[in-house]
Amino acid sequence: MPKQSAGILVYKKISDQVLVLLAHPGGPFWRHKDLGSWSIPKGEFTDEEEPLDAARREFAEETGIQLEGRFIELQPVRQRSGKTVHAWAHERDLDADALVSNTFEMEWPPKSGRMQSFPEMDAFAWFLLDEAQKKINAAQADLLMQLEEQLRHEQM
């Protein structure tokens, strides 16, 4: 069975513009990657957990913030790996510089026998939708378009 993950696309409105909060993955493999590397805060879950509960749990683990309130369900997207990403949009203004991710350990450098700790997400930033389209993982770009469409319908 293909893996699945759940996440939350946090957005805020400033005047007539929409900004989204994206996270940059931590660890040595992502250190010098930018365009197409950013993501919504998300993580894997099993069939025993409700996807929205998993999305909220993962957001808390990766940012240190518990989210409450209204969540807008977006249509799932499939990444190149085959993993399905379930996502919800949530309006909230957060200080991106104050967010703190959990960490993971891995052997680094490879075959060195040394374990090192890295943040799961090493940076968080707000992006206008146009810039976010370039920064986000290509498969997740559809989530940005869905958010834009949702917000357009709410204005009508």
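I began at tryptophan 108 and noted it as partly exposed, its relative accessible area being 21%; here buried means under 20% relative accessible area, exposed over 50%, and partly exposed in between, with a 1.4 Å probe and protein chains only. The model I am reading is predicted, so I kept in mind that local features need pLDDT of at least 70, that side-chain atom pairs count only at pLDDT 80 or more, and that totals for chains, interfaces and linings use all residues. Residues are numbered from 1 along each chain as its sequence is written, and side-chain values use heavy atoms, with hydrogens and water left out.

**Aromatic pairs**

I searched the whole structure for aromatic pairs and found three. Rings of Phe, Tyr and Trp (for Trp the six-membered ring) pair if their centres lie within 6.5 Å, and planes under 30 degrees apart count as stacked, over 60 as edge-to-face and the rest as tilted.

One of the three joins phenylalanine 29 and tryptophan 108, whose ring centres are 5.5 Å apart with planes at 80°, so I logged this pair as edge-to-face. Phenylalanine 29 sits in the loop between strand 2 (17-25) and strand 3 (42-44), and tryptophan 108 in the loop between strand 6 (103-107) and strand 7 (115-119), so the pair ties together parts that are 79 residues apart in sequence.

I then looked at phenylalanine 104 and phenylalanine 118, which form a tilted pair, 5.9 Å centre to centre and with 35° between the planes. Phenylalanine 104 is in strand 6 and phenylalanine 118 in strand 7, 14 residues apart, and the pair links distant parts of the chain.

**Backbone**

Against that, I noted a cis peptide bond between tryptophan 108 and proline 109, with omega about -10°; proline 109 lies in the loop between strand 6 and strand 7.

In that loop between strand 6 and strand 7 I also placed lysine 111, a residue other than glycine whose phi is positive, near 65°, and which is exposed with a relative accessible area of 82%. Serine 15 likewise is not a glycine, yet has a positive phi of about 55°; I found serine 15 in the loop between strand 1 (4-14) and strand 2, where its relative accessibility of 74% counts as exposed.

**The whole chain**

Stepping back, I counted three helices and eight strands in the protein chain, where helices (H or I, at least four residues) and strands (E, at least two) are DSSP runs numbered from the N terminus. The order from the N terminus is β-β-β-α-β-β-β-β-β-α-α. The radius of gyration is 16 Å, close to the 15 Å that the globule rule gives for 156 residues, so the chain is as compact as a globular protein of that length; the radius is taken over C-alpha atoms, and the rule is 2.2 Å times the number of residues to the power 0.38. Along its principal axes the C-alpha trace spans about 60 × 35 × 30 Å.

I recorded that 46% of the 156 residues count as buried. Of the contacts (heavy atoms within 4.5 Å) with a separation of 6 or more, 67% come from residues 24 or more positions apart.
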